[in-house]
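Open the model in your viewer and keep the selection tool at hand. The tour goes from one selection to the next and says what is there.

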Amino acid sequence: MLAQKTLLRIGLWLVSAVGLAAQSGEVKLVGSDLLGASFKRAVQQFAEQNEIAVPVDLAGTRLGREGLRSSVSTVAILSARDGEAIKEAGWVALPFAYCTLVVVAPRGLPVNQLDFSQLSAIYGSSEASTQLRWGEFGALGEWRGRTILPKIVGPKVSIAHDLMRYTILRTPTFKSTVEELPTTAQVLAKLKTNDGALGILPNLPADNPELKVLLLTRDTGGVAFGPTPENVHTGDYPVRLPLYLVFQRAEAPNLSRVLKFLLSEDTAEALKVDGIVPLPRSVRNQEVFDLETLR
């Protein structure tokens, strides 16, 4: 009997807490720790300009799910494996953005695309060759004899490191010749000073005219695509980890301002700074339009 009364008190407290949050206009945003500082700053600026409380806790997808289930949180941004749907009773899950990786090389390299098997041959420990030359991948002239020097940004910087291991490599370990560097800037520096270098990054920062992003295809002989928002969203670019904007359907009218901001151009630009690919503008605009049907 005592236990039942205790549970009842807890239940009433949760209902009360959620009600007070709704009355105060607070919208608690939780979710993936893949989101970066630029995104968080953009949310904070939006909240200040609109005089609403939007506390942000990006402690991870698992905790984000738990917060949304318990109604302690009102909006979550959750990661899910490609092809995995986020389905729970009463939830709405909209595509929001994508984490990916890009393959970066010196602009003068006369190779414009690679496939998964070629990248695995260059980076993967399961491959027989420890050192390869660009001539083996179609480069001619002075590039033909240059040794490929594989670089990759470390796992603390972005999910690109794990996407490479678990999406592209045949076995998830790198060759001893692969140099893992702790920052994007250090990978970029190596690419600019070593003509044979090849790099794996979450994105290619702007203002790097001496470098280029290679097109990528899953299959040998397949059509290769670049990591544009359109190609990543449709799945033509073959490496991505989706992020979803998730909320309780019943709360949609109360969340309208925040949801529209999260699908805005300002948020998209903040995501780019953090190395995350936003949805194409046309898709974001359609999602904003569709929000009206949830009223």
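This is a predicted model: local features need pLDDT of at least 70, side-chain atom pairs count only at pLDDT 80 or more; totals for chains, interfaces and linings use all residues.

R62 is exposed, at a relative accessible area of 57%, while E66, at 37%, counts as partly exposed.

Stay with salt bridges and select R65, R69 and E88, which a network of salt bridges links together.

Next, pick E84 and R81. The N to O distance in this salt bridge is 3.6 Å. R81 is exposed, with 63% relative accessible area, and E84 is partly exposed, with 31%.

Now go to helix α9 (residues 265-273) and select K272 and E269, three residues apart, about one turn of the helix. A salt bridge joins K272 to E269, and its closest N and O atoms are 3.1 Å apart. K272 is partly exposed at 38% relative accessible area; E269 is also partly exposed, at 38%. Over the whole structure, a search finds 14 salt bridges.

Last, select helix α6 (residues 184-193). Which residues of α6 are buried? They are T184, V187, L188 and L191. Look down the axis of α6: the buried residues fall within an arc of 100°, so they line one face of the helix.

Key:
Residues are numbered from 1 along each chain as its sequence is written. Side-chain values use heavy atoms; hydrogens and water are left out. Buried means under 20% relative accessible area, exposed over 50%, partly exposed in between (1.4 Å probe, protein chains only). Helices (H or I, at least four residues) and strands (E, at least two) are DSSP runs, numbered from the N terminus. The arc is that of the directions from the helix axis to the C-beta atoms. A salt bridge is a side-chain nitrogen of Lys or Arg within 4 Å of a carboxyl oxygen of Asp or Glu.
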